[in-house]
Amino acid sequence: MLEIKRATPEHAQVAFDIRLQAIRGQCIGAYTREQMLLWTRGKAEDGYSALMDKPFYLGWVEGQAVVTGMLDPDNNEVGALFVLPDYTGCGYGKAMLDFLE
């Protein structure tokens, strides 16, 4: 069962790693290798950790973070919706979206 919790600054690296794995695992074929590497370069400390100050959430399954999602109230948007490749198709992305909406 998915448990969604507010992320803390300590979760920045976990959230960044989910994003990285999701993009590299699920966007292959839509972008060139160079585009993928450019999009996923850097580290959590390079600015991704600042997102943890926003309404940023992690979805956990059996103690492992598997999905991220963020509310951007300034732009009335949902963002940073990423699911680990091994957990796609399980409904966790939809569950996070439903939670955020």
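## Leu 97 and its contacts

Leu 97 touches Val 78 and Leu 81, leaving out residues up to four places away in sequence; contact here means heavy atoms within 4.5 Å. The C-alpha atoms of Leu 97 and Leu 81 lie 7.7 Å apart, although 16 residues separate the two along the chain.

Leu 97 belongs to helix H3, where helices (H or I, at least four residues) and strands (E, at least two) are DSSP runs numbered from the N terminus. With a relative accessible area of 29%, Leu 97 is partly exposed; the scale calls under 20% buried, over 50% exposed and anything in between partly exposed (1.4 Å probe, protein chains only).

## About the model

This is a predicted model, in which local features need pLDDT of at least 70 and side-chain atom pairs count only at pLDDT 80 or more, while totals for chains, interfaces and linings use all residues. Residues are numbered from 1 along each chain as its sequence is written, and side-chain values use heavy atoms, with hydrogens and water left out.

## The largest nonpolar core

A nonpolar core is a set of buried Ala, Val, Leu, Ile, Met, Phe, Trp, Tyr and Cys residues joined through side-chain atoms within 4.5 Å. The largest one has 28 residues, and Tyr 48, Met 52, Phe 56, Leu 58, Val 66, Val 67 and Phe 82 touch the most other members. Two or more residues come from each of helix H1 (12-26), strand E2 (56-61), E3, strand E4 (77-83) and helix H3 (92-100). H1 gives the most, six residues.

Beyond four places in sequence, Val 67 has contacts that include Leu 2, Ile 18, Leu 58, Phe 82 and Met 96.

## Asp 72 in strand E3

Asp 72 sits in strand E3 (residues 64-72). Asp 72 counts as buried because its relative accessibility is 12%. Neighbours within four places in sequence aside, Asp 72 is in contact with Lys 54 and Glu 77.
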